[in-house]
Amino acid sequence: MTTTQEEQPLIPYRTVQNYFATWESRAGYKLVLGGTRHHGYYKAGTRMPFPINPALRRMEDHLYNTLDLPKGSEVLDAGCGVGHVAMYFARKGLRVRGIDLVENHILWAERDIKAQGLDSQVSVRVGDYHHLDHISDTSLDGVFTMETFVHANDGRKVLNEFFRVLKPGGTLALYEYWHVSDQEIPSDIPKHILESAKRVNKYGAMPTGELLTKGVLRNWLKEQGFVDVEETDLSENIAPMSFFFYLLGYIPFLIISFFGLQQYFVNTEAGVQGYRGLKRGLWGYASYKAKKPLGDTNTSDTGLRRR
């Protein structure tokens, strides 16, 4: 495949770029997670998070198995970051097209794809999953996100685009966060945890994440016409890594909280308060698998599904 990129994302919202451009995000993702941008997978009941890298690969294997596509299938990595998952799947035999809003991510991905000799199996470009104009209708076997759908400005529009580009019978896999509704929050939850959640969504550039109360994403998938929708809760499986983030960020979090600097260290706050919220059942993590119906090729002139 040919590697291409656009000069600018089609939706010019800078919040996502700003979030990933902070030194905290750059250093944290590179030094702590080796450049990946997702949780690891652990056997239920595991306490300690180490070693980290095998857990990250297990989560990628979980996603690969959820897609359940034969070798040679073509998939879209919607929010590919620096291309770790795309390259891992390419080595397993898939052909991967990756898009990301952040130009530096794409430049890094291009370098590594070339260095690993995967140019013929992986292509990446700057792009916005709200507008997949460069991808033809009913052309892909699979589409997936790995903790990137939460950054969408309009989650339903994104799902509509995913539906459009999938072949009939194609598979969509989303690995994303959910949280309880305001009405479900226990009265004894400290106010500072709730305030943290709002800051993390705002400064972590997750407008759709703020809307994803438990069950919402499953319903959105059905509304967009997907069938065989499966939701699997993985909250217990990511708990050890959440605990690791808590330990890593606890002392820095005390300092930034004392000086009121939480909005500038959103990952630190998310690590500490996120673990507390996870233990209280305020949020969780799930995989979603859905199929485009066989025989469904309906698209309008604008590329949106006919209702």
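Guide: Arg-280 forms a salt bridge with Asp-188, their closest N and O atoms being 3.1 Å apart. This is a predicted model, in which local features need pLDDT of at least 70 and side-chain atom pairs count only at pLDDT 80 or more, while totals for chains, interfaces and linings use all residues. Residues are numbered from 1 along each chain as its sequence is written, and side-chain values use heavy atoms, with hydrogens and water left out.

Visitor: Why is the pair of Arg-280 and Asp-188 called a salt bridge?

Guide: The term requires a side-chain nitrogen of Lys or Arg within 4 Å of a carboxyl oxygen of Asp or Glu. The closest N and O atoms of Arg-280 and Asp-188 are 3.1 Å apart, so the pair qualifies. Arg-280 lies in the loop between α10 and β7 (283-291) and Asp-188 in the loop between β5 and α7 (191-203), so the pair ties together parts that are 92 residues apart in sequence.

Visitor: What makes Glu-269 count as buried?

Guide: Buried means under 20% relative accessible area, exposed means over 50%, and partly exposed lies in between (1.4 Å probe, protein chains only). Glu-269 has 0% relative accessibility and therefore counts as buried. Glu-269 forms a salt bridge with Arg-199, the closest N and O atoms being 2.6 Å apart. This pair links helix α7, which holds Arg-199, to helix α10, which holds Glu-269, across 70 residues.

Visitor: What makes Arg-199 partly exposed?

Guide: Its relative accessibility is 23%, a value between the limits of 20% and 50%, so Arg-199 counts as partly exposed.

Visitor: How do you know that Lys-114 is exposed?

Guide: Lys-114 has a relative accessible area of 62%, which is over 50%, and is therefore exposed. Lys-114 lies in helix α5 (residues 103-115); helices here are DSSP runs (H or I, at least four residues), strands likewise (E, at least two), numbered from the N terminus.
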